[in-house]
Amino acid sequence: DSEIELTQSSRGSVSAEVVAPDGTAALLSFEAPYPLLKTTSGIEARDLGGFESSFVQVVELPKGTMLDSMKPNDFGRLVQATVMGSRGKFGAYGVPSDVKLARVNANLYKCKFTVLTPAMVESDRSALIAARQVGTGIFLLISTTTSARFKKQEGLLRSVSDSFSVVRAPDSALRKK
């Protein structure tokens with residue numbers, strides 16, 4: 001979204017003001033050990049010399065649903081339809097296959113899947129997906145690497161995921177210009 005104002009401190013703190021599907025303003029932040037991509041639409045930090053990246057995707061909750069009461073299978077279907085769908089980040093060259101999602105804790109999931117690269121080569125990926133709710137939106141921070149590197153990088157990806165915060169923005173006369 002081109003209207004997102006992103007900042008990243010020299011220490012890697014990423015922050016942005018974003019909007020939930022119902023129009024609720026939210027403040028989002030996370031710690032990224034790699035730089036923000038200035039060329040992407042949305043919020044993505046990527047290790048330009050490696051395989052790790054973290055990006056944010058906002059998903060509208062089904063009517064009457066709350067993240068805290070969502071069953072893991074329902075969350076998995078939502079991720080499959082959005083993040084892993086043909087319009088999602090990993091579906092650009094075909095819908096991912098062999099998707100396996102497991103709950104780590106109330107707001108963190110581990111996911112393994114196979115994607116097609118731009119060269120149409122299969123790539124096995126692993127990700128941690130942190131989820132937070134504001135308004136009618138689930139804000140997802142997907143931190144990913146190749147499955148071959150995941151065990152070595154899991155601690156780093158976990159620290160990025162654990163730092164993820166999304167809270168309702170306070171009402172402010174400053175925003176009403």
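This is a predicted model: local features need pLDDT of at least 70, side-chain atom pairs count only at pLDDT 80 or more; totals for chains, interfaces and linings use all residues.

Trainee: Which residue of S9 is the bridge partner of Val 59?
Mentor: Ile 138 is the partner of Val 59.

Trainee: And how many bridges join S4 to S5?
Mentor: Three, with S4 (residues 44-46) running antiparallel to S5. A hairpin of six residues connects S4 to S5, and Glu 44 stands opposite Phe 55 in S5.

Trainee: How many of the residues in S5 are buried?
Mentor: Six of the eight, so to speak a mostly covered strand, spanning residues 53-60.

Trainee: OK, on to S8. Why is it described as largely enclosed by the rest of the structure?
Mentor: Because ten of the 13 residues in S8 (residues 122-134) are buried. S8 is joined to S9 (residues 137-146) by ten antiparallel bridges, and Ser 126 has Thr 145 in S9 as its bridge partner. S8 also pairs with S7 (residues 108-116), antiparallel again, over nine bridges. There, Thr 114 stands opposite Asp 124 in S8.

Trainee: What holds those strands together in general?
Mentor: Strands of a sheet pair through backbone hydrogen bonds, either parallel or antiparallel.

Trainee: How many residues sit between the two strands in each hairpin, S7 to S8 and S8 to S9?
Mentor: Five between S7 and S8, and two between S8 and S9. The turn from S8 to S9 contains Gly 135, with a positive phi of about 60°. In the turn from S7 to S8, Met 120 has a positive phi of about 60°, although Met 120 is not a glycine.

Trainee: Is Asp 98 buried or exposed?
Mentor: Exposed: its relative accessibility is 54%, and the cut-off for exposed is over 50%.

Trainee: Switching topic, what's the order of the strands in the open sheet?
Mentor: S1-S2-S3-S10, four strands with antiparallel pairing. S1 (5-8) and S10 (165-168) are the edge strands, each pairing on one side only. On average, neighbouring strands in this sheet are turned by 15° against each other, ignoring direction. S3 (residues 25-31) pairs with S10 over four bridges, and Ala 26 has Arg 168 as its bridge partner in S10.

Trainee: Now the core. Which residues touch the most other members of the largest nonpolar core?
Mentor: Leu 28, Phe 30, Ile 43, Phe 139 and Phe 164, out of 25 residues in that core. S2 (13-19), S3, S8, S9 and helix H2 (147-162) each supply at least two of the core's residues. Another core, of 21 residues, lies apart from it and includes Leu 67, Met 84, Phe 113 and Ile 138.

Trainee: What does Leu 28 touch?
Mentor: Leaving out residues up to four places away in sequence, its contacts include Val 14, Ala 16, Ile 43, Val 56, Phe 139 and Phe 164.

Trainee: How many aromatic pairs are there in the whole structure?
Mentor: A search finds four. In one of them, Phe 30 and Phe 164 have ring centres 6.5 Å apart and planes at 65°, so that pair is edge-to-face. Phe 30 is in S3 and Phe 164 in the loop between H2 and S10, so the pair ties together parts 134 residues apart in sequence. Phe 30 and Phe 164 are buried.

Trainee: And what about Phe 90 and Phe 113?
Mentor: That pair is tilted, at 4.7 Å centre to centre with 55° between the planes. Phe 90 lies in the loop between H1 (72-81) and S6 (97-105) and Phe 113 in S7, so the pair ties together parts 23 residues apart in sequence.

Trainee: What sits over the ring of Phe 55?
Mentor: The charged end of Lys 89, 5.3 Å from the ring centre.

How values were computed:
Residues are numbered from 1 along each chain as its sequence is written. Side-chain values use heavy atoms; hydrogens and water are left out. Buried means under 20% relative accessible area, exposed over 50%, partly exposed in between (1.4 Å probe, protein chains only). Two strands pair if DSSP finds at least two bridges between them. Axes are lines fitted to C-alpha atoms, for helices over the stretch in contact, and angles run from 0 to 180 degrees between N-to-C directions. A nonpolar core is a set of buried Ala, Val, Leu, Ile, Met, Phe, Trp, Tyr and Cys residues joined through side-chain atoms within 4.5 Å. Contact means heavy atoms within 4.5 Å. Rings of Phe, Tyr and Trp (its six-membered ring) pair if their centres lie within 6.5 Å; planes under 30 degrees apart count as stacked, over 60 as edge-to-face and the rest as tilted. A charge sits over a ring if NZ of Lys or CZ of Arg is within 6 Å of the ring centre and within 35 degrees of the ring normal.
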